[in-house]
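Here's a quick briefing to keep beside the viewer while you look around. Take a moment with the sequence and the structure, then read on.

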Amino acid sequence: MTAAVSVSHLSYTYPDGRNAVTDVTFTVEKGEAVGVIGPNGAGKTTLFLLVTGLLSPEHGEITVCGKSYTERDDREVRRHLGFVPHETEDQLFSATLFDDVAFGPLNFGVPREAVRARVEEALRKVGLSGYEERVPHHLSSGERRRAALATVLSYEPDVLVLDEPSNDLDPRGRTELVRFLRATHQGRIVASCDLEFILRTCDRVLVMDSGRVIAGGTTIDILCNRSLLDAHGLEVPLGLRGRTSDQLRELLEAEG
Amino acid sequence: MHPEIDRFAHLDSLVHRWDPRWKLACLFLLMLSMGLERPGTRDHPSWEADLPPALGCLGLSIAIVLLARLPFAVVLTRLRGVAWFLGIVLVIFPLTYPGEKIVIGFVPVSSTGFLVALLMVLRAFSILLLAIPAFGTSRFDVTMKALWRLRFPAPLVQIILFTYRYVFVYWAQLRRMLIASRARGFHPRPDLRTLRVAGNGLGVLLVGSIERTQRIHGAMKCRGFFGTFRTLEEFRTRFADVALFSVILGAGVLLLLWRLL
Amino acid sequence: MHISDGVLPPEIWLGGYVVAGASAAVVLRRYEERRLPQVAVLTSLFFVCSLIHVPLGGTSVHLLLTGLMGIVLGWLSVPALLVALFLQTVLLGHGGLTTIGVNTVTMGAGALTSHWIFVGLSRGHRSRPKALKISGVAFSATLGGVVVSGALFVWVLTLGGGSLGTVAGIIIIPYLAVGVLDGLVTASTVVFLLRVKPELLDRNPQPLPEYIE
């Protein structure tokens, strides 16, 4: 079965030498939820830029649903990924939310009659029903973050690629996002400094540091590995400290 | 100052309900017609022939503003922008216009000059007053899409929409920068340090904007952008749209003929 | 400097529409549609920055920033100014609707002049020029642009006949003073850019850096 995202021996260095990604290999199967954690400067964002084809690697390969990024029309590849960057002002560039959320479907060839329905559905999923005519600069930062997610949900990609999706969200908003992600069938790659959020939304986790993938495993195992986290500048959230893997598993099951 | 033209777009009036394409076409043509003048007005203006039609134009513009139920006080503040320029015109013209002068007090004043200046001011206000009914009665993006339907070049419309979107982002960013600098005790003074701070601030914004466009372009590519903008906005013509167009433009044409003859 | 509606004879402002429209069209045709957001974001920045009140001699003025626009945007200053003037008139009421074309031409000519002076004076430097030298170049470029804009402004108004020439003469003096201030600010900014992102000042066929692909 073709993996949703397959990355092998990926390497990239910026022209000024900073924030490299070195020899990264991993696979995300269809429907899988993978987290990427690491200290600042570990290369998470660079990795995302490579996975979404916004940077070309120096070495290595990326395939999305079996296809590679080529020089020409990349739309066949890009329609499988839903990238939500860290900065929402860069994602919401249209005059109204409707235009922003309709942007993807219109470009990916969804028939015009169907686009409106897709927009309404996407906004409903993120709890912004009725916000079609709103202008981005009138939204709160939490609403903007949810709107940014809607802009990719509308074209129904196979894999969501989310860079710090729980930023700007209040605890209620974060819980709703968690609930939404757990309910969706879409695969996802999530980068976040919020380890509790990663625990609640990702089954598997990759630990990055200095451009390399240091470790990988189930989220529970990794988060219980205190020494591994300490060695790479990560901290277990207060509420999870001292718990065993079984206790964490129970916590997650209780959440549903 | 609030750069939001469409603060009043949610109100209701005949003008608000007017199809934006018809509205813009009509008011633009009206504006053009108001800018036309009888040849010779500048050299030999006549109080009887030129002043009444000019007042008529102003009256028509005011009527349209009232028809749009726009708060008149706000509309007047928009005229403030050119008031100083026109004020200078109103003062200078009577004093320096060539030709015969009458004496008021000790000052020789040209009544011809005053009339020419007055006509200019009336013309200017008539035209400017139309801007708000034209652009302030629909949401800005709707107005722009209407312009596009009227064959306004697509690249220009796209740039305008994009520019408008990021005006608010930069407005907020600039305010934050100014507040932050003031909070650190910085006061603008005519000295070298202020100059350096200003240059750095502007430079930071510029560099940041280049990086921002990189990121926006990336976000657009990821959502399948391949060069062409698309929009779903639909416009539908009703009889009322055509009727209002004819009535208002008709009035404008009549005024124009009145002026020319 | 903005010329208001109503003062110029129709031949002039209609002609302004034609010249400004044609110039903008010619410039934009050379740029692929996908790069328009780049122009727009920069236009937005310049537009917002030109709204800052700067206290000067008892009153407050706005910087024109046409010098900096010319230096950074080159030919793209023309459509950028067209858009900025449109927004300024429509959003704020500064300027005229019928005179958008004329104002674009006068200010655009100034921006282009600044661009050419800057390119001309900074050419021939293989290595990075010194800060003092580049600030002098930027100041001269800005001032040159301001003078050209001002001259065109006076000329156009004089064509309008009557005492418009005198009006222009009165307005031009504070305008030139603002131009000097503009030159100083532009010089300071260019020094910063030289330090932080010199590619922005490199003049080659593409005035704006290509996206990292």
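Let's start with chain C, whose secondary structure comes to seven helices and two strands. Keep in mind that this is a predicted model.

**Fold of chain C**
- Reading from the N terminus, the elements of chain C go α-α-β-β-α-α-α-α-α.
- Along the principal axes, the C-alpha atoms of chain C fill a box of roughly 55 × 40 × 30 Å.
- The radius of gyration of chain C is 17 Å, which agrees with the value near 17 Å for a compact globule, because chain C has 213 residues.
- As for burial, 56% of the 213 residues of chain C count as buried.
- Among the contacts in chain C with a separation of 6 or more, 74% link residues 24 or more positions apart.

**Where chain C meets chain B**
- The contact involves 61 residues of chain C and 64 residues of chain B.
- On the side of chain C that touches chain B, at least two residues each come from helix H1 (10-29), helix H2 (36-49), helix H4 (77-92) and helix H7 (164-196) of chain C.
- H2(C) gives the largest share of that side, with 13 residues.
- Sorted by class, the side of chain C that touches chain B has 40 nonpolar residues, 16 polar ones and five charged ones.

**A hairpin in chain A**
- Strand E8 (residues 204-209) and strand E9 (residues 212-218) of chain A run antiparallel, and six bridges join them.
- If you want one pair to click on, A:Arg204 has A:Thr218 in E9(A) as its bridge partner.
- Two residues sit between E8(A) and E9(A) in this hairpin, and A:Ser210 in the turn has a positive phi of about 50°.

**Domains of chain B**
- Chain B is split into domain 1 (5-138 + 237-260) and domain 2 (153-222).

**Confidence in chain A**
- Chain A has a mean pLDDT of 89, with 98% of its residues at 70 or more.
- Where in chain A is confidence lowest, and where is it highest? Helix H11 (residues 245-255) of chain A is lowest at a mean of 79, while strand E6 (residues 159-163) of chain A is highest at 95.

Conventions: Residues are numbered from 1 along each chain as its sequence is written. Chains are lettered from A and ligands numbered from 1 in the order in which they are written. This is a predicted model: local features need pLDDT of at least 70, side-chain atom pairs count only at pLDDT 80 or more; totals for chains, interfaces and linings use all residues. Two residues are in contact if their C-beta atoms, placed from the backbone, lie within 7 Å. Helices (H or I, at least four residues) and strands (E, at least two) are DSSP runs, numbered from the N terminus. Ala, Val, Leu, Ile, Met, Phe, Trp, Tyr, Cys and Pro count as nonpolar, Asp, Glu, Lys and Arg as charged, and the others, Gly among them, as polar. Two strands pair if DSSP finds at least two bridges between them. The radius of gyration is taken over C-alpha atoms; the globule rule is 2.2 Å times the number of residues to the power 0.38. A residue is buried if 20 or more other C-beta atoms lie within 10 Å of its own, exposed if 12 or fewer, and partly exposed in between; C-beta atoms are placed from the backbone. pLDDT is the predictor's confidence in each residue, from 0 to 100. Domain bounds come from an automatic or database domain assignment.
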